[in-house]
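Here are my notes on the model you sent over. Have it open while you read, and go through the points in order.

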Amino acid sequence: MTLQHYLVISAILFTLGIFAVLTRRNAISILMGIELILNSCNLNFAAFSRFMTPPEDISGQVIAIFGIVLAAAEAAVFLAIILAIYREFGSIRPNDVDTLKG
Amino acid sequence: MLLSLMIFVPLVGMIVVLLLPRESEELVKRVTLLFTLIPLALAVALFISYDRSTAGTQYVVNVPWIQAFNIQYHIGIDGLSVTLLLLTALLGPICVIASWRNIEKGIKAYMALFLLLETGMLGFFAALDLFLFYVFFELTLLPMYFLIGIWGGPRREYAAIKFFLYTLFGSVLMLVAMIAVYLNSNVVNGVADGLRTFDIPTLITLAATQGHALADQHFQIWVFVGFFIGFAVKVPIFPFHTWLPDAHVEAPTAISVILAGILLKMGTYGLVRVNMAMFPQGLHHFTNGDGFLGNSLALLGFINIVYGSFCALAQTDFKKLVAYSSIGHMGFVILGLAARNSEGITGAILQMFNHGVISAMLFLLVGVLYDRAHHREINGFGGLGSKMPVFTGITTLAFMASLGLPGLSGFVGEALSLLGAYEKFKMLTILSTIGIVVGAAYFLWTLQRVFLGNLNPKYEALPEINGREILTLAPLGILTIVLGVWPNFAINMFSESVTNLINVLQAI
Amino acid sequence: MVVPLISLILLCPLAAFAIFGLLGLAKRSFPRQDYLSTAAMLVGFVCSLLLLREVVPNPETHTVKWISLGSITFSMGFYLDSVTAIMLLVVTLVSSLVHIFSIGYMHGDPRYPRFFAFLSLFSFSMLFLVVSDNLLGIYIGWELVGLCSYLLIGFWFEKDSAANACKKAFLTTRVGDVGMFIGMMMLFTKFKTLSLYGEGGIFTLAASLNTGDMVWLSIAGVLIFCGAVGKSAQVPLHTWLPDAMEGPTPVSALIHAATMVAAGVYLTARMFPILTETSSLVIAYIGGITAIVAATIAIVRFDIKRVLAYSTVSQLGYMMLGIGVGSYVAGLFHLTTHAFFKALLFLGSGSVIHAFHAMHAHAHDDEHDHAHEDHDTHEHAHGDDDAHGHDHEHGDHDLVHAHGSEIPPDQDMRNMGGLRHKMPITFVTMLIATLSISGVPFVFSGFWSKDAILGGVLERAMEWNSVHHYLLFGMALLAAGITAFYMFRLIFMTFFGEPRNQEMHNMAHESPLSMTVPLLILAVLSFPVVNKFWFNADYVKPPEQPHLYAPQHAHVSPDSKTEGKGFALSLFGVSEAVAAEEAGHDTHVDGEHHGHSPAHDIAMVLSICVAGLGILLSWLFYHRRTLSAESVANSFRPLYNLFWHKYYFDEFYDGVLVALTVWKARLFAQFDGSVVDGIVNGVGRLTRDFLAVFVGFFDNRVVDGIVNRVAEVTWAVGGRIRRIQTGAIQTYLFVVLAGIVLLILIFRAL
């Protein structure tokens, strides 16, 4: 497997994530889309580290692990916000929450 | 260091007073008294340790303050300032004691503002940097405005605003002149070079340097006028005097004392410190005895004397009478300064100090009477002499000192000013002596209307002056007698400084 | 020895006053202020006696620096010569006697201690004036005695008349003092010193002035003399002195007869060396006119104290006249003798008043007005509300005041008469003084001193052949006659004849010992006991007066052969000759005549004649009553009115000068309030109402308009643009994504 394979998979994941974020009408789905995007990034980090740097340099992999941890934390915060929004507005559809509309 | 301590102790006192609880009024008064007694002790120490044999400034502190504009925190004292610092520090505790019972509301704020005022006044007399000088000059304005405007009489707001705007009008002209001096302070022979400065001793030297922009006669004349109007409002010199009677009438007793005792002196002190020392050519232009302009300064002094005295003669409000008499007496200062000789200038400086003491006494006495009778209408009294003999005695002393009775301090200053002025302005000086007669007339007439004759039955039960009031008056009364008998006590403080000043004036 | 003695003389009374002042601050008073003050004065008297021997032969000066300003020094110091010594003696002696007299006279007054304290302060000031060696010191003492005079005239200040009188006295003399101060300024500007004696003193410097400076020096001399005009109550500033009689009688005796008013004469004598011919003539004329004017007014007074007051004014005029004609010694001699006999006359009148008053207070005991109880003593006759007019209202005092011609009944001679039996000591002593002042020859001191002046005037007139001086001699002679007339009028009306007011007469009694003893001592002094000093050329040497003889006078003077000699003579010879003639013969006490000068003989004969005539007329009018004063008065009604109204001086001053001053003051105050302050307020109002409205308009319409336009545009634009803000999170994300894509495309293109 070459770097290209990883990049192609990463691009597919990223595109799916973007698609989900832009099109889904449910906040949870959007969150899932974001997770996809994050994971595509992590994959890229690991791939580039593996193929482009000397084997003893594992900083790409380390950043990927950071990314996973951040994604977990972010998911927790996101879900908390969604919970709060649900309590406030009785819905988790982003289109229903348009208080900031100009 | 001693000097800085003296200036800023009242400021510390203000902070302390502000931190005290509002309810503990006695504590507030005591703390204020303490924080005014410290500067007094320091001033006495300065007065004693001051080296009388030199003309130079002593106790100098000179550290950079705003470096971008080469402004320094430069303070120091010479004979003139140490005398006025002593006066200021002396009147501080006296005014606090005088305010002990008759400030009814907001004593804490009153005392805090008073302490701020004291810092402003002390700083003004010690400042040797023009910018610092101006800052302190304006610093006195703010507390004064509130002290008159909040604790004053029925027309207090009018009086306070008039005072504030009038003084501000003067100081704006002064500011312009000051900036003009600053911008020209590095111009030699038309070429700007080096750092500009606000430093007063440096500027005095520069103004005497051939070819320097500050030494240019036209420049000096214009800047002289700018500063002069600024100080003239404060003195006050006719026709800029009308704020004074209003402010005095409305201000509470202690503030009147400060107003007449110190604030007026700030004007004349400024005239000596800035106008005379820095712009001798400007001064010369207005005092050379040549034509109208050459007599103008002496003419203003003459008008002040005669006009103030006649106006005082017509007053029926006791405080207004004293206020107008102040205008008259400050005329002697102007006349003496215009003479530009050692008798005249010494007389003028002495008159500044003496007037500070005497007018303080007069306003305190009016306050004593007002606290008892609740009015100041001269014609409304009568025969108090038999009811209040001690009060009458002290009033007579103050009146006599004020009308220039020899043996009391008022005479020496007046006599020296006139002696000096006669040398230069014969006719104006002779005419000014009308003021002496009219001065005697209004004081004696007042004495008669208030104290002589039969006792007005309305005041059968008027209590005699009490110990606290005597405490405020006695130091001033003693000073009046001491300086009348032995004026050299004060004169030798500043005689070297005067000699120095005259050398500057004669160098042109 | 001199300095400690003089210091002691000065410090004793000052200490007596200081004790009073300091205790007063603590609202207490020394219980025996009277003894304290009297003792202080007696110490002074003893010291003065000791000093009398110290001054022979040379005057001494002792100075200390008072103010030093660079090159100029004002010093204070003592100058002790024979004149100082005699003056010290006179002042301390009269003052001591007046103190003793007052112990009896003022007894029971609620302000008794204060009275003595003031007397002490006065004595100090007067002595300071006398011993000062420089003009500034003299001026200081000068003003201080003025203050004391003010305080003591107004001692019974509850009386409006007293309150008015003390103010008048202070202000009138101050007018003169200002003149004196201007004179001092002239001298100072010229000589740069105010010291009189010694190398750098004014007299030495003035002696070397040339004739070109004479006009200037004359003006300065006359201006200095102005001070004397005020203090010594010379015309036209004499009006305060009669009013000053409102003070207690001992004060009148000490201040307004013997010492303070004589200070003017003393000053003029001290300034003798710088008096020029012109200024001397002015002084002589003022003195002569004063002598006549005051004497004529005295004729028609009924108030015993006013008669004496005008008599004092008249006698002071005499002294001035003497000094003005160059009879320095004679002027000062008359000052001394006058001090004694006039003090005696006043104290005698005080004794009479006291006698009447004690009765008066008693008779009206039940009518005591309790509001005035605390000051109902002595001649302050509270009981006679009708005469005194308690109708004044508070707050209605004016600087202009009516001159009450009401006379307190205990001072009104029309209530007296026949008192010689009731009050023998007072009568005899007053008679001696009257004989002395009237110039009854040989055995009374007044004769000698008055004659010395008359002789001096006539001598100067003959010597210079000057019309002025003959005229002055005539005036002096006339005044001498009138003096004898009105003084005997006083004696006849008071002590002779039948009692006019029987009730008052019955109550009258001789005064206590403390009052009669001073009278007796002064009576002794009215005999020529002091003449020895004045006629002793070794003791009193008149100073040179280099400027009196201007060169143009030399050829008028019959004595001078040539101009040059005349001038030279003027510098030394004549003034010495004058002195020699007046003072050179110490045998005058015995009544020997001046052999050298016919002028003195003529003057003496004439003065004896007019005095005799005056006494005779007085006897005819007021004792024998063969002539009626009323009918004479009626036939000279306009003249009588003129005298009665005191030449309308008071009316003129009050109606014109004072009114003018007050009017001017009101005008100035109005000007200040309406014009000057009006301009200030006007500028304020203009700024507020006019400028502010204009600026406000500009601000609203233009400045604020622009601001508002900007705001409106912004608002409108914002309204359009805000539609972008949908609030839908996915829209935002889309925009972000689109933006990124766009950026990528752009960067790719680059």
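Predicted model: local features only at pLDDT ≥ 70, side-chain atom pairs only at ≥ 80, totals over all residues.

1. Now look at chain C. Taking its contacts with a separation of 6 or more, 80% are between residues 24 or more positions apart.

2. The chain has 750 residues, and 59% of them count as buried. Its accessible surface comes to about 28,800 Å², with 67% of that belonging to carbon and sulfur atoms.

3. Now for the partners, beginning with chain B. Here 61 residues of chain C are in contact with 74 residues of chain B. A bit of background: the size of an interface is often given as the accessible area lost when the parts come together. For chain C and chain B, that buried area is about 5,500 Å², and 70% of it is on carbon and sulfur atoms.

4. How many salt bridges does the rule find across the interface of chain C and chain B? There are three. One to look up is between the side chains of C:Asp677 and B:Lys162, with N to O at 2.5 Å.

5. Which parts of chain C do the touching? The elements that give two or more residues to the side facing chain B include helix H1 (2–25), strands S1 (60–69) and S2 (72–80), and helix H28 (649–721) of chain C. Helices H5 (135–153) and H6 (160–191) are on that list as well. H6(C) gives the largest share, 17 residues. Sorted by class, the side of chain C that touches chain B has 34 nonpolar, 13 polar and 14 charged residues.

6. Turn to chain A. Eleven residues of chain C are in contact with 14 residues of chain A, and the area buried between the two chains is about 900 Å², with carbon and sulfur atoms giving 63%. Have a look at C:Gly727, C:Gln730 and C:Leu737: they supply 50% of the area that chain C buries against chain A, more than any other three residues.

7. Let's zoom in on one residue of chain C. C:Ser195 sits in the loop between H6 and helix H7 (202–207). Is C:Ser195 buried or exposed? It counts as buried because its relative accessibility is 14%, and the cut-off for buried is under 20%. Beyond its neighbours within four places in sequence, C:Ser195 is in contact with residues including C:Ser75, C:Asp133 and C:Ile202.

8. Last, a residue of chain B. B:Thr472 lies in helix H22 (residues 467–485) and is buried, with a relative accessible area of 3%. Its side chain reaches the backbone oxygen of B:Glu469 at 2.6 Å. B:Leu91 is 381 residues away along the chain, yet the C-alpha atoms of B:Thr472 and B:Leu91 are separated by 9.0 Å. Leaving aside neighbours within four places, B:Thr472 is in contact with B:Ile94, B:Ile97, B:Ala98 and B:Leu364.

Technical notes
Residues numbered from 1 in each chain as written. Chains lettered and ligands numbered in written order. Heavy atoms only, no water. Contact = heavy atoms within 4.5 Å. Buried area = accessible area lost by both parts, 1.4 Å probe. Salt bridge = Lys/Arg side-chain N within 4 Å of Asp/Glu carboxyl O. Helix = DSSP H or I, 4+ residues; strand = E, 2+ residues; numbered from the N terminus. Nonpolar A, V, L, I, M, F, W, Y, C, P; charged D, E, K, R; others polar. Buried < 20%, exposed > 50% of the residue type's maximum accessible area, 1.4 Å probe, protein only. Polar contact = N/O pair within 3.5 Å; in protein donor to acceptor, adjacent residues only side chain to side chain. Areas by Shrake-Rupley, 256 points an atom, 1.4 Å probe, with all protein chains shown as cover.
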